[in-house]
2 protein chains.
Amino acid sequence: MSDSPQQETPVAETVQKQPREKKVKPPKEPKAPKQQQGSSAAGNKQNEGVDVKKAENFSEWYTQVITKSDFLDYYEVSGCYIFRPNCFYVWEKVQNFFDGHIKKLGVQNVMFPMFVTKRALETEKDHVEGFSPEVAWVTKSGNSDLDEPIALRPTSETIMYPSYAKWIKSHRDLPLKLNQWTNVVRWEFKHAVPFIRSREFYWQEGHSAFKNFEQAKTEVYDILELYKRTYEEILAVPVIKGKKTEAEKFAGADFTTTIEAFIPTNGRAVQAATSHHLGQNFSRMFKIEFEAEDKKSKLVYQNSWGLSTRSLGVMIMVHGDDKGMVLPPRVAFTQVVLIPLYFKNKDNSELETKSKTIFAQLEENGVRIKLDDRLEKTPGWKYNYWELRGVPLRIEIGPKDLENGVAMLCRRDNGEKWSVPLEQLTAQYVNEILDKIHNSMLEKAREVRNQRISVARTWEEFMTALNAGNLVLIPWRQTHKDDVVLEDLSEEERKEYDAKIEEEKKAEEYIKERSKKESAMLSDSDSNTGLTGAAKSLCVPLDQSIYPSLGDCEVFCPELSDRKPNKWALFGRSY
Amino acid sequence: MSDSPQQETPVAETVQKQPREKKVKPPKEPKAPKQQQGSSAAGNKQNEGVDVKKAENFSEWYTQVITKSDFLDYYEVSGCYIFRPNCFYVWEKVQNFFDGHIKKLGVQNVMFPMFVTKRALETEKDHVEGFSPEVAWVTKSGNSDLDEPIALRPTSETIMYPSYAKWIKSHRDLPLKLNQWTNVVRWEFKHAVPFIRSREFYWQEGHSAFKNFEQAKTEVYDILELYKRTYEEILAVPVIKGKKTEAEKFAGADFTTTIEAFIPTNGRAVQAATSHHLGQNFSRMFKIEFEAEDKKSKLVYQNSWGLSTRSLGVMIMVHGDDKGMVLPPRVAFTQVVLIPLYFKNKDNSELETKSKTIFAQLEENGVRIKLDDRLEKTPGWKYNYWELRGVPLRIEIGPKDLENGVAMLCRRDNGEKWSVPLEQLTAQYVNEILDKIHNSMLEKAREVRNQRISVARTWEEFMTALNAGNLVLIPWRQTHKDDVVLEDLSEEERKEYDAKIEEEKKAEEYIKERSKKESAMLSDSDSNTGLTGAAKSLCVPLDQSIYPSLGDCEVFCPELSDRKPNKWALFGRSY
């Protein structure tokens, strides 16, 4: 797999008042589309394309793209969805890539039960508060009540860590690096959006324990880099690595790192995956202690990290277009469709033979190809059919092409068409084209995103950028530092630190509240654009070198603090 | 992967009054073993071996083997277990093998929600009756009651088939072959036995739809053969392919095929995996219809098939010995352990260098090897440690061996030891040994099992064989025939067929009741052997050619029926 360029987010120095698409609707809970009643059994009417434009009604567009392409289906239990074969295939590809890489890091897969008792769930107070309203409870089996209600895992810290306490005795048992690929349940009552926010979803959760902070910290960033690579090298989606602010970090973590993706159509950011350093917060509660080399008993340092099927939603939102799905080649179940252009009242036998030969050659050499030689469908119908489903490359061969010894190729991502001599149409050639498609999808998405990152030093600049559907960098005072081990602080130092944390949280709360209020004052037509709601921090990007110097710049909203900013923080509206 | 010999179960003509191990306890719900309190942090006491013999207290032996080998752990919610890394690795290997093969058959993976509404669950009446007492219900989220209780899947027929009805319109949409790897929940109140019977377990469930019976039937047996290959080629466990009797078939199926494994120690059979033909029973209820080539609307024929983590329990029970786990080489996370025999007060540097070289060479060439060069442990301690964990092959090198240019090898399965010149110790050589170990584990298990299959023509022979801990073949009248499509029978034919089915069911009920009663009359000492409880049918073996001719033999218990037997049916006590 070729490396994607690692170039990060350069930004223009001034707020970009970027002309943006009007009439982008806010993402709403998409209703399950009505079943196509009375559609002919022969499937002639099943080829309905997407009938709204992405820029005009994003929410409806999304629903149509994922359902009409046979990717996902709605289900009777609201907030739960069916992953159809081409969809689950994408997830399998994500799994293969990430799982292969963590195994190289010495991570082993395990499986813990999905059930958790109330007592265990409530062991770490901050943590459970983050989840408790969304926890689903099993209370009956058959017709009998259970003695005690049992929760379905919203995440597995409290399920796994009692075992960690049991298994870890000595420094020789460390590091312990475990991962599981599971379903989790968060019974949310916010708008469900397929992939992005659902009641049951699939993910991996890694949970590791180390004897010191340094090792734990290293892993946090190793995993974050793998997450970035997964998005960029597999899903062709550019992401920004950063650290969460204190207000947005994982409940119970010392610090949270994140990769953030961007949906240009509605100007929203998406938290794409997170890698947390939990410090000793959980090891203290769950008594995960080890005998160190110096025979002293110590608490382990822990990380947890997760990547979910949300990634599939991001991929679709970023790449899809008015014709439907656009799948990155590395995750497409069908990478290439070969369509022979049969003519009525003509002898198509030579064309048929040649098509089958090409198909067989490419398939044998590892190209995931389909031959669409259905006689009852027109070529035009087939083009739409496969475009809707996002197949990256189409090969057409007509009788004229055959005479000239060429085939026509057409890229799904940009519509580019060109002809290729048949003898050049090898698996190697096709794979090179597929790689090219991958890279240009990624670079195009990166370019679009980069144009939509603004810098703001004042509230007015901030709101203008935000209402232009942009992500906004603001001067920020980040309290947490990677080279400080929170557990090592003296009581006094910790108090001082916590006071600063509170200040940081208040600054964010202020921005959230004020942006929400000012958004609410937008006219009706504006509120129809999806550009309403509070802005929140997405992350403090790790690579600050690509941004302008903070110079003598004041901290954003100087009324909040008299401390100097030390970082640019990225804010925006988000999913 | 080398093919395992396909040889089936030959049996002796007479009842074998096989001397059997006494004092085999009945499998009980094993309590979670007490935590090893006060074990030294340095782990010096963690190397406790299994302290009961497999033949003397099978249930306790099983609990110790799976927990002390760090394979599985108990969990706070009873009937749920933790799959530790070496355990989950076995399941990953099973998944890789089976998943690869079904993909070649054109099966695609999907993911349906784990939640199912009461209404959908109850659509197929026979089916839900089979599961309803074990269904776990979610009734609350956070502090709120749900409008309607929602069940956790015990299996997914009723979750998936409403979608099948929606997706399948035309014969062009068939066959539809989908599979998912999921967790399922059956809140049983019977004794939980890790892997064998638990409240949450992992499996794959395949669900396919065909336009005719013939195609469906072919798939049923293709999958059954893959199940057999998975057990034999991956887990080194021999199984018998057969068809379930009417009393034991899957609720809602026209017929069920099965592979049956055998645990010699307690004489119990285990249903190892099943492949069902559902006929049109579900398609009728869920209205899964298609327009056939002749434009007529028809119901699809369906199959469902599942293989679960029960397979891991069977593997352990069959292969384990008094020293602990014995892992088949293809599923062992660690296939080989290399132990350099360091001597105190001696220069071990040459030995160290050589060991590291051998380790690196084997590892680079794909052998899953560990180098145990811990200085604080003795070789003897290490032997026990790795034997308990079932590592298939041990390589030892001492200073003397080094002088002679050899290493000692020792097989876990049979204790065989031999020396090998170091230059011969290549990955190829080691892999050949590992294959040999696999094959001899399989053949040994097959031989043991074959000696424990008896033939009985009378009740007395039956009970004698049963109480010798054997599986028993009896003359049986099988009603179902593969070449009869039940859906094609006229009303009258169907009535006649159903009457025969009832007769077959009654015969089985009689055997069950009577064997239960007579078992209960066994003396206390006998009831302590695990050889109590009803016998039930395991299957009617597919390959009858290896058994004696039925000749003029009467049907078993002639008081039940005057029909002639047409098959040998395999009965036994089972899990």
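A polar contact here is a pair of N or O atoms within 3.5 Å; within protein, one of the two must be able to donate a hydrogen and the other to accept it. With that in hand, I can start on the chain interface. Please keep in mind that this is a predicted model.

Between chain B and chain A there are 30 residue pairs in polar contact, both partners at pLDDT 80 or more. The interface involves 64 residues of chain B in contact with 64 residues of chain A. About 5700 Å² of area is buried between chain B and chain A, and carbon and sulfur atoms give 58% of that. There are also eight salt bridges between the two chains. For an example of a salt bridge, take D73(B) and K166(A), whose side chains meet at 2.7 Å, N to O.

Next, the inside of chain A. The domain assignment divides chain A into domain 1 (1–18 + 451–575), domain 2 (26–112 + 165–327) and domain 3 (336–388 + 392–448). I will stay with domains 2 and 3. Their centres, taken over C-alpha atoms, are separated by 33 Å. In contact are 26 residues of domain 2 of chain A and 16 residues of domain 3 of chain A. The area buried between these two domains is about 1700 Å², with 55% from carbon and sulfur atoms.

What does the rule find across this domain interface in the way of polar contacts? It finds six residue pairs, both members at pLDDT 80 or more. On the domain 2 side, helix 2 (85–104), helix 6 (213–234) and helix 8 (310–319) of chain A each supply at least two of the residues that touch domain 3. Helix 6 of chain A gives the most, with three residues.

The rule also finds three salt bridges across the interface of domain 2 and domain 3 of chain A. The side chains of K323(A) and E387(A) meet in a salt bridge at 3.7 Å, N to O. Both residues belong to a network of salt bridges that also links R394(A), E396(A) and K417(A).

Now one residue from helix 8 of chain A, H319(A). Is H319(A) buried or exposed? H319(A) has a relative accessible area of 9%, and the cut-off for buried is under 20%, so H319(A) counts as buried. A polar atom of the H319(A) side chain lies 2.9 Å from the backbone oxygen of L235(A). The H319(A) side chain also reaches the backbone oxygen of A236(A), at 3.1 Å. Leaving out residues up to four places away in sequence, H319(A) touches several residues, among them K54(A), V326(A) and M441(A).

E188(A) and R197(A) form one at 4.0 Å, N to O, and both residues are buried. E246(A) and K249(A) pair at 3.1 Å, N to O. Here E246(A) is buried, at 7% relative accessibility, whereas K249(A) is partly exposed, at 26%. In chain B, R446(B) forms a salt bridge with E232(B), the closest N and O atoms being 3.7 Å apart. That pair links distant parts of the chain: R446(B) is in helix 12 of chain B, E232(B) is in helix 6 of chain B, and they are 214 residues apart. R446(B) and E232(B) are both buried.

Last, helix 13 of chain A, residues 459–467, where W459(A), F462(A), M463(A), A465(A) and L466(A) are buried. These residues lie on the same side of helix 13 because they cover an arc of only 165° around the axis. Just after this helix, G469(A) takes a positive phi of about 75°.

Definitions and conventions:
Residues numbered from 1 in each chain as written. Chains lettered and ligands numbered in written order. Predicted model: local features only at pLDDT ≥ 70, side-chain atom pairs only at ≥ 80, totals over all residues. Heavy atoms only, no water. Buried < 20%, exposed > 50% of the residue type's maximum accessible area, 1.4 Å probe, protein only. Helix = DSSP H or I, 4+ residues; strand = E, 2+ residues; numbered from the N terminus. Arc of directions from axis to C-beta. Domains from an automatic or database assignment. Contact = heavy atoms within 4.5 Å. Buried area = accessible area lost by both parts, 1.4 Å probe.
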